[in-house]
Amino acid sequence: MTARPRVLGALALTSVIALTGCARGCTSSRPPIHPNPSMDDQPKVLPQTASTFFYDGASMRQPVPGTVPIGGLKEDAAFFTGKGADGQFVATIPVTVDEAVRERGRQRYGIYCQPCHDARGDGKGILFQRGNVPTASFHQDKILKYPDGQIFDVITNGQGLMPSYRWPIPPADRWAIVTYVRELERKRLASATGVSTSAEAPASAEATAGKPAGNK
Ligand code: HEC
């Protein structure tokens, strides 16, 4: 018989083609064949996956209550919250204010506050100019009477229409900004009483073109 070897040959050929055809470049939803089971394949939990093992259904565990991340111990309440042990806002900035802190405050104010509160703190910034959004003036009685800790708190938690700047501005910079806000207020008061006018920060042309100052 000469037919049998030919049939067998054809079979072998087709199976080789069939095997090699899908050996590479083929996708499958089934797990790959793993002739040598190793640690690549083992039961394990992947981050952010579900779990039937734990009661809460999550594979990841919560940190032990009271866990403090490295650098996360915030014992100095006044520095981190603006409030003293009695829960009241601290009257004055709880950091030593030197020239570097003042300069940092002036610079951070320019970045984070000036767009809305303007260079002089009259609240005639971009929100007011473009959207007529009432933006607080730092020179109104209410804010002048705020303890330093309360200004810190407004930056940290936001207030009314103003968003919180807790994450973009670290606490030390928030205090530096408070220093600068107080400086703006002092200069305005001084100029109002005729002591000094030259020191006030110059407002840009657009910042002053709006409604008359005050905005209480
Ligand atoms: C996106 C605009 C915007 C920015 C930026 C902004 N503010 Fe304000 N701020 C406002 C508006 C609007 C109000 C008025 C909020 C209200 O009364 O609803 C306000 C109010 C305040 C008040 C008065 C809060 C009160 O109790 O009445 C203080 C103080 C203040 N801002 C400080 C700051 C400081 C300091 C910065 C910079 C870190 C800053 N703001 C950045 C828009 C802004």
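Modeller: Met60 has 12 other C-beta atoms within 10 Å, and therefore counts as exposed, since the cut-off for exposed is 12 or fewer. The model is a predicted one. Met60 sits in the loop that runs between helix 1 (3–21) and helix 2 (77–81). Leaving aside residues up to four places away in sequence, Met60 touches Pro47 and Gln48. Val45 is 15 residues from Met60 along the chain, and the C-alpha atoms of the two are 8.2 Å apart.

One of the two residues touched by Met60 is Gln48. Gln48 belongs to the loop between helix 1 and helix 2. Its phi is positive, near 65°, although Gln48 is not a glycine. Gln48 is exposed because 8 other C-beta atoms lie within 10 Å, and 12 or fewer is enough for that label.

Now the chain as a whole. It has nine helices and zero strands, so the order of elements from the N terminus reads α-α-α-α-α-α-α-α-α. Of the 216 residues in the chain, 19% are buried. Take the contacts between residues at least 6 apart in sequence: 55% of them join residues at least 24 apart.

The C-alpha atom of Phe128 is 7.3 Å from that of Cys116, and the two residues are 12 apart along the chain. In the loop between helix 5 and helix 6 (141–144) is Asn132. Asn132 is another residue other than glycine with a positive phi, near 55°. Asn132 has 10 C-beta neighbours inside 10 Å and so counts as exposed.

The shell around the ligand has 20 residues, and the closest are Cys113, Cys116, Ala136, Gly160 and Met162. Helix 4 (114–117), helix 7 (148–157) and helix 8 (171–192) are the elements that give two or more residues to this shell. By type, the shell has 16 nonpolar residues, four polar ones and no charged ones.

Helix 7 is mostly covered, with seven of its 10 residues buried. These are Asp148, Gly149, Ile151, Phe152, Asp153, Val154 and Ile155. They pack against helix 8. Just after helix 7 comes Gly158, with a positive phi of about 75°.

Helix 8 has 22 residues, which at 1.5 Å a residue should span 32 Å; its end C-alpha atoms are 32 Å apart, so the two values agree. The buried residues of helix 8 are Asp173, Arg174, Trp175, Ala176, Ile177, Val178, Thr179, Tyr180, Val181, Leu184 and Arg188. They pack against helix 3 as well as helix 7. After helix 8 comes Gly194, whose phi is positive and near 80°.

Two packed helices are described by the angle between their axes and the distance between the axes. Here the axes of helix 3 (residues 99–112) and helix 8 come within 7 Å and cross at roughly 90°. Helix 3 is therefore roughly perpendicular to helix 8, because angles of 65 to 115 degrees count as such. The contact of helix 3 with helix 8 is made up of six nonpolar, two polar and five charged residues. On the helix 3 side are Val101, Arg102, Arg104, Gly105, Arg106, Arg108, Tyr109 and Tyr112. On the helix 8 side are Asp173, Ala176, Ile177, Thr179 and Tyr180. Those five residues of helix 8 are also listed among its buried ones.

Notes: Residues numbered from 1 in each chain as written. Predicted model: local features only at pLDDT ≥ 70, side-chain atom pairs only at ≥ 80, totals over all residues. Near = placed C-beta within 6 Å. Helix = DSSP H or I, 4+ residues; strand = E, 2+ residues; numbered from the N terminus. Nonpolar A, V, L, I, M, F, W, Y, C, P; charged D, E, K, R; others polar. Axes fitted to C-alpha atoms, helices over the stretch in contact; angles between N-to-C directions. Parallel < 35°, antiparallel > 145°, perpendicular 65-115°, else oblique. Contact = placed C-beta atoms within 7 Å. Expected span 1.5 Å × (residues − 1). Buried ≥ 20, exposed ≤ 12 C-beta atoms within 10 Å, placed from the backbone.
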